Amino acid sequence: MLQQLHEKGLRAEHMYAAGMVSIALSFTSWVLSKKFEAAGIERADRWGIFVGEWAPTFIALGNGLKMYEK
């Protein structure tokens, strides 16, 4: 899988950047859901957690690609 990602042009830096963007999107989705949805803090928490779970995946892929690139 890492070889295919590398052949498609993805590098470790891209995955690390995606992880950081995911963290920012997690916080943003939490704030926006909390502010604009009437469903309450529970739904805002779920949105934040859902998006926040992507970050470790992107960072793990970045680590794998970094090792592959060496």
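Student: How do H2 and H4 cross, left-handed or right-handed?

Tutor: In this predicted model, the crossing of H2 and H4 is left-handed. The label applies because the near helix is turned anticlockwise from the far one by less than a right angle.

Student: Which residues of H2 and H4 meet?

Tutor: From H2 come Ala12, Met15, Tyr16, Ala18, Gly19, Met20, Ser22 and Ile23. From H4 come Trp54, Ala55, Phe58, Ile59, Leu61, Gly62, Asn63, Leu65, Lys66 and Glu69. By class, that contact has twelve nonpolar, four polar and two charged residues.

Student: Which residues make up the largest nonpolar core?

Tutor: There are five: Leu5, Ala12, Met15, Leu61 and Leu65. H2 and H4 each supply at least two residues of this core.

Student: Why is that set called a nonpolar core?

Tutor: The name requires buried residues of the nonpolar kinds, joined through side-chain atoms within 4.5 Å. Leu5, Ala12, Met15, Leu61 and Leu65 make up such a set. As a general background point, nonpolar side chains tend to be buried together in soluble globular proteins.

Student: What is leucine 65 in contact with, leaving aside neighbours within four places in sequence?

Tutor: Leucine 65 contacts Leu2, Leu5, His6, Leu10, Arg11, Ala12 and Met15. Contact here means heavy atoms within 4.5 Å.

Student: Now for H3. Why is H2 called roughly antiparallel to H3?

Tutor: H2 covers residues 12-36 and H3 covers residues 41-52; their axes come within 8 Å and cross at roughly 165°. With the cut-off at over 145 degrees, H2 is therefore roughly antiparallel to H3. H2 passes H3 in a right-handed crossing.

Student: Which residues make the contact of H2 with H3?

Tutor: H2 brings Ser22, Leu25, Ser26, Ser29, Trp30, Ser33 and Lys34. H3 brings Ile41, Arg43, Ala44, Asp45, Trp47, Gly48, Val51 and Gly52. Sorted by class, the contact has six nonpolar, six polar and three charged residues.

Student: How do you know that serine 26 is buried?

Tutor: Serine 26 lies in helix H2. The relative accessible area of serine 26 is 14%, and buried means under 20%, so serine 26 is buried. Not counting residues up to four places away in sequence, serine 26 touches Gly48, Val51 and Gly52.

Student: Is valine 51 buried or exposed?

Tutor: Valine 51, found in helix H3, has a relative accessible area of 7%. That value is set against the limit of under 20%, so valine 51 counts as buried. Apart from neighbours within four places in sequence, valine 51 is in contact with Ser22, Leu25, Ser26 and Ser29. The C-alpha atoms of valine 51 and phenylalanine 27 are separated by 8.7 Å, and the two residues are 24 residues apart along the chain.

Student: What makes leucine 25 partly exposed?

Tutor: Leucine 25 is found in helix H2, and its relative accessibility is 43%. Leucine 25 and alanine 44 are 12 Å apart, C-alpha to C-alpha, and 19 residues apart in sequence.

Student: Why is isoleucine 49 called exposed?

Tutor: Isoleucine 49 lies in helix H3 and has a relative accessible area of 51%. Exposed means over 50%, so isoleucine 49 is exposed. Isoleucine 49 and leucine 2 are 26 Å apart in space, C-alpha to C-alpha, and 47 residues apart in sequence.

Student: One more pair. What makes H3 roughly parallel to H4?

Tutor: The axes of H3 and H4 come within 5 Å and cross at roughly 10°. Angles under 35 degrees count as roughly parallel, so H3 is roughly parallel to H4. The contact is made by Phe50, Val51 and Gly52 of H3 and Trp54, Ala55 and Pro56 of H4. These residues divide into five nonpolar, one polar and no charged.

Notes
Residues numbered from 1 in each chain as written. Predicted model: local features only at pLDDT ≥ 70, side-chain atom pairs only at ≥ 80, totals over all residues. Heavy atoms only, no water. Axes fitted to C-alpha atoms, helices over the stretch in contact; angles between N-to-C directions. Helix = DSSP H or I, 4+ residues; strand = E, 2+ residues; numbered from the N terminus. Parallel < 35°, antiparallel > 145°, perpendicular 65-115°, else oblique. Nonpolar A, V, L, I, M, F, W, Y, C, P; charged D, E, K, R; others polar. Buried < 20%, exposed > 50% of the residue type's maximum accessible area, 1.4 Å probe, protein only.
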